[in-house]
Amino acid sequence: MIIGPVFNFIMLNLNYKLGPFLLDKLSAPGLLMTGAWTLLQIIVIFFYTNLNKFNKKENETSDEQTGLLASDNHAQSYDTIQVVDNSQTGPFVLRFYNEYIRDEVIAVYCSTFTVFFMQTVLETMLTPFTRDYFNWSDIQNSILYGLAGLEIMIVFLLLSFLSKKIKDRNLLMIGIIGNLLTLIFLIVYLPMAEPSKGNIEQYLLFIIPVFGNVFSLPFIVLASISLLSKITSVDSQGLTQGIRRTVVGLACILGPNWGGVFYKQWYIMIGTLILLLTMSLIMSLISFKKLVARPITSRLNLN
């Protein structure tokens with residue numbers, strides 16, 4: 001989030017040819033990302049280790065508890081109590097329904113989709129907005145994105161301390177309410193905004209809610225990941241986080257399309273975000289008491 005905008009400065013004046021290919025500020029980011037992803041694939045192929053084998057052995061030793069049932073003068077007899085996770089019994093459809101079709105799980109997934117959808121919509125409209133209304137170039141936008149990335153890193157560091165004192169569900173509520181307030185401000189300001197170059201007041205009216213929105217973002221991201229790991233069973237964590245990544249991916253695909261199609265139609269674009277956030281807030285409030293780690297007795301069935 002910080003290095004990306006810095007590289008943008010480096011590539012602004014590029015104008016070279018690699019064989020038949022032109023390497024300029026538009027094509028250089030693609031080449032850079034190709035190299036980065038290629039390096040990542042090499043690292044994954046040669047250095048990534050699947051830990052499932054180790055986890056399976058550990059689970060096998062921890063899933064059985066031996067209790068003393070009877071004894072006599074010559075021998076003792078033991079019976080094994082098998083701890084069975086409900087997520088691993090019954091048909092897959094039933095297990096999936098019991099695990100994920102619950103108020104608290106849907107509320108967290110809805111909040112996750114909304115925050116990433118909102119963020120990609122705002123990122124999509126930010127660059128053309130600053131160009132049309134403030135006459136900003138690539139340099140000013142890179143500085144803005146770099147500062148936003150720095151702010152997110154600072155907030156995540158802050159959350160590393162706050163998360164020890166504040167419950168995840170409270171962090172989630174803080175993030176949703178914070179984003180909701182910034183969107184309400186934007187839906188009031190944007191329709192009244194006029195193109196102006198060098199107007200400090202106009203800059204502040206736009207930048208303050210943008211940075212307020214960025215400040216609230218990590219609260220939802222961190223809380224949603226933590227909550228999903230606590231309100232779903234241990235053995236389904238892979239599927240749980242996989243569904244979350246699918247939700248995030250879907251939001252990141254739909255967000256830019258929504259932001260591009262309804263650019264300058266502020267009441268539709270921002271109004272939809274407010275509606276989604278309000279729905280997430282209501283769902284989170286309804287399931288607020290359930291947004292805690294599920295007791296072991298509620299997840300396990302002793303035979």
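The questions and answers below go through a predicted model.

Modeller: Residues are numbered from 1 along each chain as its sequence is written. Local features need pLDDT of at least 70, side-chain atom pairs count only at pLDDT 80 or more, totals for chains, interfaces and linings use all residues, and side-chain values use heavy atoms, with hydrogens and water left out.

Biologist: Which helix gives the largest share of the lining of the largest pocket?

Modeller: A pocket is an open set of points on a 1 Å grid over the protein atoms alone, where a 1.4 Å probe fits, with protein on both sides within 12 Å along at least five of seven lines; lining residues have an atom within 4 Å of a point. Here 25 residues line the largest pocket. Helices (DSSP runs of H or I, at least four residues, numbered from the N terminus) that give two or more residues are H5 (103-134), H6 (138-162) and H8 (200-231). The largest share, nine residues, comes from H8.

Biologist: How many aromatic pairs are there?

Modeller: Rings of Phe, Tyr and Trp (its six-membered ring) pair if their centres lie within 6.5 Å; planes under 30 degrees apart are stacked, over 60 edge-to-face and the rest tilted. Phe96 and Tyr100 are a tilted pair, with 5.0 Å between centres and 45 degrees between planes. These two are about one helical turn apart because they lie four residues apart in helix H4 (residues 92-100). The count of aromatic pairs is 14.

Biologist: Which residue meets Asp103 in a salt bridge?

Modeller: A salt bridge is a side-chain nitrogen of Lys or Arg within 4 Å of a carboxyl oxygen of Asp or Glu. Asp103 is in helix H5, and its partner sits 187 residues away in the loop between helix H10 (266-286) and helix H11 (296-299). At 3.6 Å, N to O, the partner is Lys290.
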